[in-house]
Each structure stands twice: as structure tokens, then as C-alpha cells.
Amino acid sequence: MRGSVGWLRGGSKMAPVTGDSRLEGAIAALIDGSLVDLATAPQDGEEATPVYPDSDAGRSILRHSTAHVMAQAVCDLWPGARLAIGPATDEGFYYDFDLPEGAHFTDDDLARIEARMREIISEDQPFVREEVSRESGPELFSNQPYKLEIIEELADGESLSVYRNDGVGSSFVDLCRGPHVRSTAALGHFKLLKVAGSYWRGDEHRQQLQRIYGTAFESDQALANHIEMLAQAEARDHRRLGTELDLFHFPSEIGGGLPVFHPKGALIRTILEDFSRSVHLGGGYQPVWTPHVTRAELYERSGHLGWYSDVMYPPLEMEGAEYRLKPMNCPMHILVYASRGRSYRDLPMRLFELGTVYRFERSGVLHGLARVRGLTQDDAHIFCTPEQLPGELEAVVAFALEVLRTFGLTDFEAELSTRPEKFIGEVADWDHATAALEAALIASGIPYRIAEGEGAFYAPKIDIHLKDAIGRRWQVSTVQVDFQLPTRFDLSYVGADNERHHPHMVHRALFGSVERFMAILIEHYAGALPVWLSPVQVMVLPVKDANQSYAGGVIEALQAVGVRTTTIPAGEPLGARIRKGKLEKIPYILVVGDDDMSQGTVGVNRSGHDKPERGVSLSALVEEVTTAVRNRCAPM
RNA sequence: GCCUGGGUAGCUCAGUGGUAGAGCAGCGCACUCGUAAUGCGCAGGCCGUGGGUUCAAUCCCCACCCCAGGCUCCA
């Protein structure tokens, strides 16, 4: 808050921004916690705080106003266009349209719309707010069916507000809560980005609309920075890097969402999986192994066929029985638990599997390795007594963070989803589990928010999100308490009291899926993975043929301690060979020439460093590489 | 599934109603070099699939397949 601006008072007209120079350039005001137009007079006794365009709230207003201008431009260019909604988003804005007579936007239309928007902006059209009665609203929007629907849903007696923009040869009015900038002249640092499809109210059974995405900022520089960030994100795209680095691809012969891993990609995933196995075995988990197909009855009993069947592959008929591909590991782990009677002395029982599951995701949502139809979860199910639950949850959250931090990921946020309106089980169990989850989060020390009522009907849960190197959020780990499956499968253990009890059950995955986690790592590191994960760790380049056998000795020394190497003989210029290594994002590129032969040294070019280092002794280099591998870091 | 864009050489892409081009990668020859592209040459394509229009289709039309972006962060 930047201090009072009571001076913004002054009737319903726009208050002149004079006097205090700090306050020039405000585009809206905050009164009593709500954002209002500069033109809105505060009531007596209210304090107004200015909102500047370079704040989150300010940008959101700029974007919302720009969305209005875009809608105005579209209405000018396509008379009869029907408007749906046009909000600001975290990164920009969009507006959904229903064009008349089957007209459609194409990418080429964006330039036309932008041009018209710039005309509107240069006309300095004021955004004029009007309060409209509930009765006269429908008249005003008689040819805007979506606006009418919105009006109808408003509570009786609630007043409507509209914003008008009048300019040369066109005028525009939109149902809108506001606030807006005072005039279109306050806008201009925007760009329309893409045309997309959408549905009215996001419901695929309702009218298909067309959405135009754009973004707007407070300055051309800020806009340029954002566009640069988008370019960065594109350069890091794991699908692109997957091809460039020869890691994996999606053969259409196999089908959408089903990757094949090439040798280098498979090596990365093998390292991830070996690491995962090893930390789980060291962390009190027991490995299990379960098949990829099962009789459908198993998923009848688990309930998955009831609420999850739309993402399950259709049945396979075998010898008169119906089989299904496994979409989740939990029922199988339950069968392991239930294979014999259990005592409280067996608990907690933590069953771990790198379990491959198949989910029939809709074609439109597939996205490289991040969203596939066949994936391997680092999945575990913990069966424990109610008393053990808090300790188990705290340990799981700590374990998850420890594992994620091993990969150089440091920025986490969690979400605790609590009991929804429709739920099964006892309120007391929910409260117990939710409190235990929250205690685990507090103990972990990471920031979290509570998503009230967003838990699944059978369980509260924690989702852990991480922020990658360019600030994007990815959901990875999930920890879920389950009140349903132990009951459905009638799981039990005999307590110290010699009575039967249902165990508590916790589902948890740390990477989420190996495939998706690999995608996240590739994007986070822009392909330049830490040394221990790099498929090739060291490239050794002889300066000329005469240095070849010395290079061979260097390679042998590295391979002897388990370092993965490659080389290119001196058939092409050194610079070209170095470039190839750099493009492959190899952490260490060694150059060995006559000087090195005589002194037992190597020249070291480390990824992430500008200048190569000459004359490093071979033993020091071997030590450096093995240390980097052991510390699971990048070249130092 | 639906809307938009796209499918041309291994990769990135250009192109035209008269059966196709570049750069990189590959292969060959020469160059033997100290930290991000040596030169020359060769080879490489059912222009996504099927149908239609046409004397003639990679190009125009229809259908299908595949890929990408998006599909309520509320008026």
C-alpha cells in the first residue's frame, strides 16, 4: 500500500491526478479491499489506495481493459459477433466469441484485429461505467445471448454495471464488473497471441466458441521480456530437446501418448529408476511387482470402473473373461497386503513399485512426456495404524522433498485439499487425516495453501508443486490418505487388543511419473542435465591424429571409474567437434594435444562456464568428474 | 471429442497446376587443427493416406490419419 489518496474523491467524473507526483500514473484505486475505477468516488470516510500498472492488480486491469478493446475491435470487424467472457489471466487475457454465420477466426485475423485495436486506442476512448437496473439490462443486451444468460444468473436485486466505449464510427458496450482504465489511451503494450477453441462455460456439450489469447503489460519493455520468456520456454520444450538430443520419440505406428526411449533417453530413465529404487529400499519400503493386465473384477471391486472408467482402456476378452490394462497400482498392492493375515506388528507396511499403468487420456490433452497414455509411477502404498498415520505422513513429505532436492529442485509449494461436500467415511477420520497432513506440511517447512473442499470424495491429499528455472509450476508429488479402498477390500490387521481393525492407507508418488519427471528435468535444465544424469558425461577430443592414443588413455582412465565417455577423432576441425559436444550438452569436453601429452594433463571445457581451463592434471580431472557425479551436481 | 494451425529429405523449413529446393545431419576425398560451424563432392523424397476434378495434382476439392496450441484463473 502506498498511502492514502483521499484526494481521488471528487464526484463521479474522473478525478484529476494532480499534486502528489507519486500518484501519477495510477490506473485504479483500492477502496475497502475492492478495486474500483479512478472515476468512482469514495464514500465519506473511505480511504483509497492507488493501483499502479506495474503491480499484479494493475496489470490485471490493463489486461481486462485490453480484452474489452479486443472485443470492440472484433465487433467492428464482424458485426453481429456474440460475446461470451473476457477475463484477465495470470499471463494475459482472452475473450471468447461466437461469430455470426459460421465465421471463424484464423491466425491471419489476429493482425487485422490488432490493427483495429490500435485505432481504438489512439482514439483515446473513455471507459464509462454505468449502473443499470436488473430490468433494463436484458434490453441492452438483447442480441447478446451469453450476456443475457449471465444476467439471468445474477441474484435478484443485484445491480448490473456496464462499460461503454464510444469512438469514431463505433461504439461498444459490455456487461462488466470492472474496474477499467480511464481511457483506451492508457493501453497499448499488448500482443495477440493465438486463436483457440473453447466452450461456453467450459462445457463441451454447449456452444463451441473461439477464444483469442493475448497479453498486455505496462510497458513495451515488460511486454518484450514476457515474449522473450515465451521464446525461452519454447527453447526448453522437452519434446524439442527430446528430438535434438536423441532421447525419445512418439512413433505414430505405436499410437499417441506412447513414447519409445532411444538409448540416451533410456539411460536417463534407467538412472532415475535405479535412484528411485535405491532410495526407497533404503527408506523402509519393500519392493513389490505386479502385472500390467488384470481381470476387470479387480477394478469393479476397487470402484475404479465406477468413477474412473472413462480413462481406462476398453476391455480385452480372454477365455470368456474380461481383462483390463492397469490404470492404477493400488488394488494390486492391496492384494499383496491381503495375501495373508496381518498383525499390528507388520505395520507400517510400505509397498513400493515402479508401476507401469495405462490411461486412455483424450487425444487433445496429450503433451510429450508430460501427459502420456502409458506411464510408470514411483508408486507406494503405506498400510498403517491410525496412531502411525501422523508419523508416516511426516516422513513421506520429508522423503519426497529430499528426493526432489537431489535433482537440484529447490522451490516448492504445497496444496492441502480438504473434505469436499460429497464424501465417504467418517468425519472424525477425515479430521484426523487432514490434521496429520497439515502437521506434515508444517514440519516440512515449505509454504502451502489449503484448497478447501477440493479433496477427492474418498480422501484428503497433499500435492507438492515445484517451480522450475523459469518460474513455471509443475505438480509432482502427491500424498493421499484413502478411506475407501481398505473398506472395499475389507482389509484388516489384528491389533494388540486381539481385535480386527481396518488399516489406514496412504497413496504416494514422488516423481509422479518417471516420464513426466524426466520432462520436468529436461525443461528445468534446458537439456543440460547434472553430470550424474547426463547420458554422456565426458567428450574427449584429440587435437590431431598424433594425440589419438593419448586421448584413448584418458578415455580408459575415465571409463575405469565408471564415467560415460565419447570421442570424435581428429577428422574435422577442433572447433566443429567442440560445437557438436556443446550442442549435445555434454558436461565436460576435454581437449588433449601435444602439451597435454608431455605433461599428463587435459584441457577442460565445462558446460555452464565461459572459459576453458588448460593444463588440468588427468588425476585431478578424474577426481572432479567423479565428485560431481557423487554430489549429483553440474560441473563446478 | 471440438476449434485453429500444421504434415515436403534423418532434423529445421522454402516452394509451384507441368511429376521438388535450401541449410544442418549422413557418406566420400582433401585438410591435422588448442576450445561453439574447413573445403569440395556424393547420396538422400509415394510432397501424411485414400478418393475426386484435370491432358496433367505435392499444389484445387472431399474424406480420413497424425502432430501442435487451446477448451470457465467468471459478467
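Against which helices and strands do the buried residues of α7 pack?

**Before selecting anything**

This is a predicted model, in which local features need pLDDT of at least 70 and side-chain atom pairs count only at pLDDT 80 or more, while totals for chains, interfaces and linings use all residues. Residues are numbered from 1 along each chain as its sequence is written, chains are lettered from A and ligands numbered from 1 in the order in which they are written, and side-chain values use heavy atoms, with hydrogens and water left out.

**Chain A as a whole**

Start with chain A in cartoon view, where there are 18 helices and 30 strands; helices (H or I, at least four residues) and strands (E, at least two) are DSSP runs, numbered from the N terminus. The C-alpha trace of chain A spans about 80 × 75 × 55 Å along its principal axes. Of its 636 residues, 49% are buried, where buried means under 20% relative accessible area, exposed over 50%, and partly exposed in between (1.4 Å probe, protein chains only). Taking contact to mean heavy atoms within 4.5 Å, 69% of the contacts in chain A between residues at least 6 apart in sequence join residues at least 24 apart.

**RNA strand B**

Of the atoms of RNA strand B that come within 4 Å of the protein, sugar and phosphate account for 49%.

Colour this surface by class and it shows 21 nonpolar, 17 polar and 18 charged residues; here Ala, Val, Leu, Ile, Met, Phe, Trp, Tyr, Cys and Pro count as nonpolar, Asp, Glu, Lys and Arg as charged, and the others, Gly among them, as polar. Helix α16 (574–583) is among the elements that supply at least two residues each, and α16 gives the most, with 8 residues.

A polar side-chain atom of Arg-239 is 2.6 Å from a phosphate oxygen of RNA strand B, whereas an N or O atom in the side chain of Lys-147 is 3.2 Å from a sugar or linking oxygen. At Ala-570 the backbone takes part, with an N or O atom 2.3 Å from a base nitrogen of RNA strand B.

**Asn-605, in strand β29**

Stay in this region and select Asn-605, which lies in β29, one of the elements that supply at least two residues of the surface near RNA strand B. Asn-605 counts as buried because its relative accessible area is 12%. Its side chain makes a polar contact with the side chain of Lys-582, at 2.5 Å; a polar contact is a pair of N or O atoms within 3.5 Å, and within protein one must be able to donate a hydrogen and the other to accept it, with residues adjacent in sequence counting only if both atoms are side-chain atoms. Beyond four places in sequence, the residues that Asn-605 touches include Ile-578, Pro-587 and Tyr-588.

Move to strand β7 (residues 160–167), which runs antiparallel to β6 (residues 128–132) and is joined to it by 5 bridges; two strands pair if DSSP finds at least two bridges between them. Arg-129 has Tyr-163 in β7 as its bridge partner. With β8 (residues 170–175), β7 pairs in the antiparallel sense over 6 bridges, and Asn-165 stands opposite Phe-172. The hairpin has 2 residues between the strands, and Gly-169 takes a positive phi near 70°.

**Helix α7**

Now select residues 263–282 and return to the opening question. The buried residues of α7, among them Ile-268, Leu-272 and Phe-275, pack against β12 (260–261), β17 (349–358), β18 (374–384), α11 (389–406), β25 (504–513) and α14 (514–524). The 20 residues should span 28 Å at 1.5 Å a residue, and the end C-alpha atoms are 28 Å apart, which agrees; the expected span is 1.5 Å times one less than the number of residues. After α7 comes Gly-284, with a positive phi near 90°.

**Ser-477, the last stop**

Finish at Ser-477 in strand β22 (residues 473–482), which counts as buried because its relative accessibility is 0%. A polar atom of the Ser-477 side chain lies 2.6 Å from the backbone oxygen of Leu-510. Leaving aside neighbours within four places in sequence, Ser-477 is in contact with residues including Ala-400, Leu-404 and Ala-509.

Methods. A residue is near a molecule or strand if one of its heavy atoms lies within 4 Å of it.
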